[in-house]
Amino acid sequence: MKLRLIVALASLVSLTITASASSIWFDAPARHFTESAPLGNGRLGAMVFGGVEEERIILNETGMWSGSPQDADRPDAAKALPEIRRLLLEGKNLEAEALIAANFTCAGKGSGHGNGANVPYGSYQLLGELTFTFHQPSGSGAPASPVSNYRRELDLFTANARTTYEQGGVRYTREIFVSKPGEAVVVRFSSDKPGMLSGRLALTRPENAKTQTVGTDGLRMTGQLPDGFGGDKGVKFSAELKVQAKGGSVAANDDVLTVTGADEVVIVLSGATDIKTFAGRQIADAQLAATGDLMRALRSSLEELRAAHIADHQKYFDRVALRLDGGDKAAATKPTPERLRAFAEGANDPGLIATYFDFGRYLLIASSRPGGLPANLQGLWADGVQTPWNGDWHLNVNIQMNYWPAEICNLSELTDPLFAFIQSLRVPGAKTAKAYYNARGWVAHVLGNPWGFTSPGEGASWGATTTGSAWLCHHIWEHYLFTRDRTFLKHAYPVLRESSQFYLDMLIEEPKQKWLVTAPSNSPENAFLTADGKPAHITLGATMDMQLLRALFTATAESAKILGVDAELQKELLEKRERLIPTRIAKDGRVMEWIEEYAEADPQHRHISHLWGLYPGDEISATRTPELAAAARKTLDVRGDAGTGWCIAHKLNLWARLGDGDRALALIRSLLKPASAVSGISTKGGGTYPNLFDAHPPFQIDGNFGGAAGIAEMLVQSVPAREGAPAEIHLLPALPSMWKTGAVRGLRVRGGYEVNIAWKDGKLAKALVRSLSGQRANVRYKGKVLTLGNFPLNSTAQFDASFETVR
Ligand code: FUC
């Protein structure tokens with residue numbers, strides 16, 4: 001597999017490339033899930049601990065959501081809106097905030113302050129735990145002999161977790177994978193001597209489940225999650241397994257299985273819930289579904305299951321390859337946690353960054369597949385019944401960041417669950433729009449769950465951001481720009497139109513400059529100081545809102561034009577777009593975050609919302625708007641390089657867009673700072689756990705995804721075609737001086753192109769651009785721009801080190 005990757009990369013860019021491993025490995029079992037090996041097929045997940053006496057595998061299924069649908073809108077909320085707006089226009093922000101707290105939060109308990117497992121909002125939870133407790137082969141009571149040559153590895157190329165060790169002269173091997181084609185978790189234990197595998201197999205869950213044996217070699221766990229109302233409407237679930245013990249025997253006792261004297265043990269496990277997915281699919285009976293999946297998987301041999309799984313994973317994973325050469329060889333041979341520590345201490349190990357990039361792509365493939373639910377705050381991995389912040393979909397940066405790498409890293413189809421989620425918000429979001437703003441269209445605020453929650457959150461300071469839905473819509477337009485898939489655009493257009501209608505209705509004119517502003521508004525989670533020094537959140541037309549609405553109105557108008565519909569609306573959107581507050585520079589040279597130059601309550605706040613227009617938006621640009629870009633640099637300097645994992649990942653992308661590779665690399669260092677395996681919720685810290693999971697802390701996957709996107713963004717950037725100008729592809733826009741030599745293949749850019757680039761001695765060596773759309777494009781390298789005038793579909797353009805002509 002590795003060979004294939006290297007050959008493909010080399011042939012396209014004609015470079016000699018030596019092998020580099022893309023695996024995460026340990027020389028000891030995991031003590032905590034942030035040391036485990038995560039596996040997943042977009043629906044089922046497993047976290048493998050690899051203990052010698054006991055193998056523990058935490059199981060996940062994306063439908064494991066407690067709670068149930070509720071009406072969380074306050075029906076009379078809109079009555080308070082005129083007064084809130086009046087107070088804001090009079091500069092009485094705190095009074096307005098008090099009214100928001102009283103009227104503009106959700107009805108009921110909302111997210112339960114992030115602990116919603118037993119309220120209607122619900123929490124994403126684990127499916128259960130599979131444990132295999134090994135019995136000593138030499139008979140009961142014998143002391144365990146010492147273990148040697150222990151190695152536990154997550155191979156990112158094959159999506160396989162392997163553990164090997166020796167004990168008592170026997171070599172033991174374990175292999176675990178989660179197959180999409182097989183819809184199953186597959187576990188294999190083997191040893192190099194016959195009859196050495198004995199133990200006890202259990203399938204458990206901390207609450208709401210019971211396990212029974214099925215025949216002499218099966219286990220079935222079934223249960224139902226709380227619906228948050230004390231009723232029986234909660235999600236029903238089932239997990240079922242069958243054990244095959246070659247050369248030995250299996251017996252059922254009460255609710256566990258016992259394996260004795262086997263040469264090889266294979267466990268195949270399926271799982272299902274009866275949650276209704278956003279695609280509208282709901283299985284009638286979780287238990288029958290799990291049994292059916294298990295029966296189907298068992299029709300294939302282990303070899304067949306493995307081969308189908310690897311092919312399925314590589315279909316996505318192999319599209320992109322990144323090589324960062326020139327690191328210290330010794331650094332690359334260390335177990336991953338040590339490698340992380342050495343990196344933090346200054347080791348020259350760019351290969352670790354390439355692995356981190358691969359891991360980001362791996363995690364998206366494992367946690368977001370067409371037809372399923374979107375990757376949540378922990379992807380699909382949760383180890384308890386109360387996941388931090390309910391493991392939900394936060395709309396003020398987090399779910400969006402999960403999908404930042406999808407388009408650029410050539411994983412476009414994996415956005416399907418995100419778009420299904422956005423579509424699902426239209427109906428509940430229209431009710432919320434009416435109840436709170438008396439507006440047309442649909443809106444979603446900060447919180448999102450599988451139950452159609454679109455109301456504001458339970459707190460006025462953070463829960464009332466109205467542009468979560470506009471930010472979601474940005475992904476629709478981006479998907480179109482990367483793929484130019486008109487059918488997709490046609491299907492998604494009503495979502496854009498109705499979102500725009502909402503904001504058209506909720507904008508008001510502020511009297512001083514006659515700007516159109518969102519009212520009420522806030523800059524996500526951040527506070528400013530009122531004239532008398534009190535922290536306040538609620539304002540008019542926060543910068544991020546204005547940037548988002550410029551992007552949304554542009555996307556909606558352009559989509560309507562492409563589809564030949566809604567001429568009046570196109571006109572209105574473009575007119576109103578010009579009346580939104582422009583992104584402005586404050587007296588201190590920074591980008592203004594709010595309508596006024598308020599003092600900040602927390603100058604290093606983790607949300608950098610007012611730079612949305614730099615990344616992921618594109619209204620601020622180092623080449624097109626240099627003054628704003630300079631103001632963005634200043635803004636970032638004051639914000640500093642620290643923060644939560646996702647915040648550091650956002651800054652990485654921002655520095656990449658500013659074209660500062662060395663600063664971007666500094667942010668990667670900050671992102672890869674070792675975090676201790678166990679840590680509670682903190683808004684300071686950030687970093688990376690031993691298994692390369694991102695630390696908010698706690699584990700939150702957005703930093704992994706934002707990190708992968710940022711690394712790609714350092715290598716290639718793109719601007720869509722606009723106002724008659726062709727799309728622009730920017731090669732190596734932010735290459736750090738330490739990344740002397742490397743190559744990347746398979747990245748995608750706006751306008752519909754695929755790009756391979758090799759560089760040497762810090763300079764472009766060769767690049768290849770393939771057209772997937774037949775559109776014209778300009779290609780930029782450093783200050784120079786070349787035009788690909790006639791660029792037919794599937795043709796390629798090659799550039800050499802001189803970047804003089806196109807072949
Ligand atoms: C947002 C962030 C927090 C955290 C939470 C899940 O509200 O401000 O830092 O990531 O989402």
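In helix α7, which spans residues 336-344, the buried residues are Thr336, Pro337, Arg339, Leu340, Ala342 and Phe343. The model examined here is a predicted one. Cover for the buried residues of α7 comes from elements that include β1 (23-26), α6 (329-332), α8 (350-367) and α20 (661-671). After α7 comes Gly346, a residue with a positive phi, near 110°.

We turn next to the ligand. Its surroundings are made up of Leu377, Trp389, His394, Asn396, Asn398, Glu525, Arg606, His607, Trp646, His696 and Gln700. By residue class, this shell comprises three nonpolar, six polar and two charged residues. Several side chains of the shell can be followed to oxygen atoms of the ligand. For His607, an N or O atom of the side chain is 2.6 Å from a ligand oxygen. Arg606 places a polar side-chain atom 2.8 Å from an oxygen atom of the ligand, and for Asn398 the corresponding distance from a polar side-chain atom to a ligand oxygen is 3.1 Å. The ligand taken alone exposes 290 Å², of which the protein buries 97%.

The cysteines complete the picture. The structure contains zero disulfides. Cys106 has a relative accessibility of 2% and therefore counts as buried, since buried means under 20% relative accessible area. Cys647, with a relative accessible area of 0%, is likewise buried.

Methods: Residues numbered from 1 in each chain as written. Predicted model: local features only at pLDDT ≥ 70, side-chain atom pairs only at ≥ 80, totals over all residues. Heavy atoms only, no water. Disulfide = S-S within 2.5 Å. Buried < 20%, exposed > 50% of the residue type's maximum accessible area, 1.4 Å probe, protein only. Near = heavy atom within 4 Å. Polar contact = N/O pair within 3.5 Å; in protein donor to acceptor, adjacent residues only side chain to side chain. Areas by Shrake-Rupley, 256 points an atom, 1.4 Å probe, with all protein chains shown as cover. Nonpolar A, V, L, I, M, F, W, Y, C, P; charged D, E, K, R; others polar. Helix = DSSP H or I, 4+ residues; strand = E, 2+ residues; numbered from the N terminus. Contact = heavy atoms within 4.5 Å.
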